[in-house]
Amino acid sequence: MAKMIDGALKSVSSLMRKQLHYYLTVGNTSILECVHEESEESHFLYKDLKTALVSETRKKQQELHPIYLNLTVSQAFYEAMESLNIPYMDRETCLNISLGENEGPVPAIASAVISSVYEHFLSQPSGWSSTYHSVTDRQQVIQELAGEFATVVYSYFNEQLLENTRNDWLALYKEKEDDQPYKYSRVIESVIPAKNDIYQQQILMRTVYQLIKYVVEKKDGVMVH
């Protein structure tokens, strides 16, 4: 068996080799260990696939995120995105945003995320745990977490949509009226992805998760997966 696979590895293209590595290592190393024990001639195969396994495992560990193990955070995030109603900013408002005299869409976006996370996650401690000794203590911890989360979420969207994009808002003010709605959507979607942009939605969801994790651990709590 080892010789057959060994020969196959040498004869196929590099792309096919990578695919073979993936399918042989996606589960665990038991097949490699058995092959290695059966024949000393399998050393090349074992070494090659073991390297691929370590590389793939590290990659998966980097890509795997606890968000996928905590469905309540995921639910809270998507509920927030569904309820989100981002107001349109007219030309004068865009100018005021660029000057730091208006908060633009930040309050609406932050409010949707804060409310949803509180309702679906923080107020129902099934996805997180903390030390409290009574119902009163529990409610106090929840309120402290909610307040802290509101602060960090607001700061995050303020930084992303105002501080880092003042030039974009100024450019919107200068845009032709017909082009402005489209360009406005592009500015918003650089932070709040469109509903059909699954990849970017996942990235934002991980960010929201990290903010939740930060406030929970700051209060000496832990995330429960």
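Which helix does Glu148 lie in? A few notes on that and on the salt bridges follow.

1. Before anything else, this is a predicted model, where local features need pLDDT of at least 70, side-chain atom pairs count only at pLDDT 80 or more, and totals for chains, interfaces and linings use all residues. Residues are numbered from 1 along each chain as its sequence is written, and side-chain values use heavy atoms, with hydrogens and water left out.

2. Glu148 sits in helix H8, which covers residues 135-163. Helices here are DSSP runs of H or I with at least four residues, strands are runs of E with at least two, and both are numbered from the N terminus. Glu148 comes out as buried, at a relative accessible area of 18%. For that scale, buried means under 20% relative accessible area, exposed means over 50%, and partly exposed is in between (1.4 Å probe, protein chains only). Leaving aside residues up to four places away in sequence, Glu148 touches Tyr214, Val215 and Lys218; a contact means heavy atoms within 4.5 Å.

3. Searching the whole structure turns up five salt bridges, each being a side-chain nitrogen of Lys or Arg within 4 Å of a carboxyl oxygen of Asp or Glu.

4. One of them joins Glu82 to Lys195, with 3.8 Å between the closest N and O atoms. This pair links distant parts of the chain, 113 residues apart: Glu82 is in helix H5 (residues 71-83), while Lys195 is in the loop between helix H10 (180-189) and helix H11 (198-218). Both ends are exposed, Glu82 at 56% relative accessibility and Lys195 at 55%.

5. Lys219 lies in the loop between H11 and strand S2 (222-223) and Glu144 in H8, so the pair ties together parts that are 75 residues apart in sequence. Glu144 is partly exposed at 33% relative accessibility, and Lys219 is partly exposed at 29%.
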